[in-house]
Each structure stands twice: as C-alpha cells, then as structure tokens.
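Have the sequence open next to it.

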Amino acid sequence: MRIFAALGGGDIVAAQRKELAGDSSIGETSLTFSGQLYRYCAGRGFQALFTSYCNRADSLDTPSVRLVNVPRAQRNGGFGFHAGRVAYGVRLARMARAFRADLALIDSGTTHPFALAAFRLLGIPVAVNFHNVRWPQGFEPRGPIASTLRAFDSWAFRHVIVAAMGCSPECGVQARADGATSLPYFGWCAQYLPEGFEDSAVDASRNPFRLLFAGRVEDNKGVFDLLRISAALKERCSIAVAIEVCGDGSALSALRAAVAASGQGDRITVRGRLERAQLLAAYRRAHAVIVPTRSTFCEGMPLVCAEAVLLGRPVITSRVSNALPVLGDAIAVAQPDDVASYAEAVRSVAEDPALYERLRAACPAAAAQFFDRSRSYAAAVEQLIAATSA
C-alpha cells in the first residue's frame with residue numbers, strides 16, 4: 001500500500017524531526033496527527049508521502065515515509081483565492097500520481113473538495129479528513145458564491161470522494177449532506193498521553209470564579225465577546241469572574257488594547273502563547289473553560305474542549321463548537337454569538353455549586369475517549385482503508 005496524505009498547514013517536517021529525536025518540548029499537548037499516521041504507516045510497512053502547506057519549504061526522508069512542506073500561494077479573496085486552491089489541489093494530485101499512490105487522504109482546508117476530481121482523473125481513490133466542518137452548524141452557506149461552492153463540493157462527495165473521516169459527528173452529517181448518504185464516514189478523537197493530566201484538583205473557594213480561554217486569538221473565535229461577557233457578569237453575577245486568555249493569533253495586540261481601553265484589566269488577563277507546562281498550569285488555575293466560537297468560523301471540535309475535560313474542567317460553549325455530542329453533560333450550553341446567553345451560562349455555573357459539581361462529575365466519562373486508541377485518527381485510517389479496499 002502506498003499512501004499520499006495532505007496534512008494541513010502545520011510544519012510536519014519539524015514536528016516529525018522532533019518526534020524522531022525524542023524531543024517532548026513540542027507546544028501541543030495532544031499526539032500529532034502526522035505522528036500518528038507516520039507510526040501507523042511504518043508499523044504496517046506502507047510507503048507514504050506526507051505533505052503540508054506550511055510556508056516553510058523543507059523535507060525529511062525516512063525509510064518508509066517522506067515528509068514535504070509544499071507552500072501554498074496565499075491569496076486574500078475573490079476569484080484568485082479559489083483558483084489558487086484548485087491549482088494547489090491539481091499540484092498535489094500530480095505529486096500523488098508521481099508517487100504511484102494507491103490512496104490519497106486530504107485534510108479539509110487544503111483545497112476545495114471538488115478539486116479532488118483531479119485525483120480520480122489520475123486513477124487515485126481520494127478520501128477527505130475533516131478537522132473543520134464545511135459550514136458552522138446551523139448557519140448554512142448563503143449567497144451565490146457560497147451556494148455554488150457548496151453545490152460543486154457536494155457533487156464531489158457524491159461522485160468523487162470514496163470516504164471521509166472527521167473529528168465530530170457534525171463532520172459526517174455535512175459530508176453526507178446533499179445526497180451523499182452512502183458515503184462511508186469514520187469518526188476519530190484527538191488522543192493524549194496521560195502525563196500532565198493526572199491532577200485535576202480545583203480551587204474549592206471558587207471566588208473569583210476563573211474562566212480560561214485557550215486557543216487562537218481571533219475575532220471569529222469570539223475573543224472580543226469576552227469583554228462584553230465580562231462586563232455583563234460584573235453587573236449580573238454575585239461572584240467575581242476572572243478570565244484568562246492564553247494563545248496567539250492575529251488579534252492578540254488588538255485584544256490587549258481593547259482590554260486596556262475597557263478598564264477590565266483587573267478581570268481579564270491576556271497571557272499570549274504558552275508552552276505546554278504553562279498551559280497545563282493555566283487549566284489548573286481555571287474552574288471552567290469558555291469556547292465562544294462565533295458563527296463565522298467552521299469549527300470542527302476544538303482540542304481545548306478535550307483538554308478541559310481531561311483536567312476536570314467543564315466547558316461553556318455553543319453548538320457551533322460541535323463539542324456538544326462529543327462531551328455531553330460536561331458542557332454548559334450557550335447560544336451562538338449571544339453575549340447575554342454566554343454570560344447567563346457562566347453566571348449559572350459560578351453561582352450554583354451543585355450545577356458546577358454535576359458538570360465536573362461528567363468530565364471523566366467524557367475524557368475517556370481521548371485516551372482510547374481504538375478511537376484515534378490512526379484507527380479511523382485503518383477502518384477507512386479496510387472499507388475502501390474491500
């Protein structure tokens with residue numbers, strides 16, 4: 001078996017070099033997807049070519065797997081953006097053909113799904129792996145361009161793509177939308193090592209009640225909503241609420257300026273990007289984790305939600321995160337884009353010790369799947385190969 005895999009935008013070459021060197025200082029706290037697939041292919045004796053669209057060109061050759069960063073032209077929007085995505089898909093198909101691939105696995109966001117027809121024209125079965133959904137749940141595409149792209153992509157899921165994998169049930173729902181009801185779909189969960197998650201003790205005083213936001217600091221991740229949520233809580237909540245923001249992103253400087261201008265520096269602390277040990281310490285300081293993703297972002301199932309329950313911290317989020325069917329009773333549910341709803345969800349959890357403990361008690365059951373290797377990305381690849389090779 002010869003596998004071609006396009007693995008998103010991360011620096012897979014640097015990550016694999018670190019893994020092979022036994023370097024545990026990588027900032028992520030989960031098992032990398034490229035590492036999982038590398039070990040799977042090497043263990044099965046498969047030959048593989050992995051690519052990413054990381055803008056740092058580099059390559060790494062190992063006995064069974066070659067890893068290559070293949071930078072993708074960056075175009076901001078309009079026709080040039082879509083043409084660039086299609087051209088990149090064709091480029092990858094030609095690489096897979098030269099490699100003589102028996103199967104191609106393409107991460108969502110790499111190219112438009114309809115561009116994967118290039119793989120099939122070259123005789124290569126192609127599957128899609130969803131890290132993000134096609135559209136925010138409950139907010140289907142509108143407008144002529146978005147509707148046209150959906151129609152083209154849906155055609156590909158019906159007639160071109162042989163199977164799909166994904167990080168949440170909603171990924172499967174959207175892959176099979178518009179008539180692709182027979183498309184094989186295999187779900188997976190992010191996977192973790194137990195190191196760092198052993199101690200889930202929480203500050204019993206809960207005053208202040210500490211919320212953690214961890215992830216990309218971007219407007220569509222809801223970071224600026226945190227200011228309005230904090231202001232509402234000051235008026236409505238009988239317990240002081242402190243919010244800690246950990247992460248990097250294009251809105252980091254703007255968020256710091258907005259916090260300073262709002263006079264909420266005593267209630268909102270913006271830390272920026274943290275290394276693994278520091279991030280785990282931030283989780284332990286928190287009583288709960290807030291994920292206020294907005295309806296303008298196609299979230300899959302944020303790793304922060306998994307990390308929260310692994311450390312016994314309830315999650316406050318909306319259906320847009322797609323975490324509800326994954327984490328179940330460990331979530332306090334808010335409405336998308338609704339600051340008042342988020343503030344009310346936080347207030348309820350902060351002021352009601354019994355509710356808070358019920359949510360915390362649900363965390364271990366929700367966390368178990370993230371240690372279950374039978375539900376890993378590599379296990380889903382194994383199931384996909386078995387189904388498409390039959």
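How many of the six residues of strand 2 (residues 47-52) are buried? Five of them are, so strand 2 is largely enclosed by the rest of the structure. Bear in mind as you read that this is a predicted model.

**Strand 2 and its partners**

- Strand 1 runs parallel to strand 2, and five bridges pair the two.
- On that side, the residue facing Gln47 of strand 2 is Arg2.
- Strand 2 also pairs with strand 4 (residues 65-69), again in the parallel sense and through five bridges.
- Here Leu49 is the residue to look at, with Arg66 of strand 4 standing opposite.

**Aromatic pairs**

- The count of aromatic pairs comes to nine.
- One of them is Phe4 with Phe119, a tilted pair with 6.1 Å from centre to centre and 45° between the planes.
- That pair ties together distant parts of the chain: Phe4 belongs to strand 1 (residues 2-6) and Phe119 to helix 4 (residues 117-121), 115 residues apart.
- Phe4 and Phe119 are both buried.
- Tyr192 and Phe197 make an edge-to-face pair, with the planes at 90° and the centres 5.5 Å apart.
- Tyr192 counts as buried because its relative accessibility is 0%, and Phe197 is buried too, at a relative accessible area of 6%.
- There's also an aromatic cluster, made up of Phe33, Trp188 and Tyr377.

**Arginines over rings**

- Arg72 lies over the face of Tyr53, 3.6 Å from the ring centre.
- Arg150 has its charged end over the ring of Trp135, at 4.1 Å from the centre.

**Helix 5, one side in**

- Helix 5 (residues 144-159) has 16 residues, which at 1.5 Å a residue should span 22 Å; the end C-alpha atoms are 23 Å apart, so the two values agree.
- Its buried residues include Leu149, Arg150, Asp153, Ser154, Ala156 and Phe157.
- Look down the axis of helix 5 and the buried residues fall within an arc of 155°, so they line one face of the helix.
- Turned away from that buried side are the exposed residues Pro144 and His159.
- The cover over the buried residues of helix 5 includes helix 3 (78-99), strand 6 (126-130) and helix 6 (169-175).

**His112, a loop residue**

- You'll find His112 in the loop between strand 5 (103-107) and helix 4.
- Is His112 buried or exposed? His112 is buried, with a relative accessible area of 11%; the cut-off for that is under 20%.
- Leaving out residues up to four places away in sequence, His112 touches His82, Arg85, Val86, Leu149 and Asp153.
- Leu149 and Asp153 are among the buried residues of helix 5.

- Val346 sits in helix 12 (residues 339-351).
- With 0% relative accessibility, Val346 counts as buried.
- Which residues is Val346 in contact with, leaving aside neighbours within four places in sequence? They are Leu211, Leu233, Val241, Ile290 and Ile316.
- Val326 is 20 residues from Val346 along the chain, and the C-alpha atoms of the two are separated by 20 Å.

Terms used
Residues numbered from 1 in each chain as written. Predicted model: local features only at pLDDT ≥ 70, side-chain atom pairs only at ≥ 80, totals over all residues. Heavy atoms only, no water. Phe/Tyr/Trp six-rings, centres within 6.5 Å; stacked < 30°, edge-to-face > 60°. Helix = DSSP H or I, 4+ residues; strand = E, 2+ residues; numbered from the N terminus. Buried < 20%, exposed > 50% of the residue type's maximum accessible area, 1.4 Å probe, protein only. Lys NZ or Arg CZ within 6 Å of the ring centre and 35° of its normal. Expected span 1.5 Å × (residues − 1). Arc of directions from axis to C-beta. Contact = heavy atoms within 4.5 Å. Pairing = 2+ DSSP bridges.
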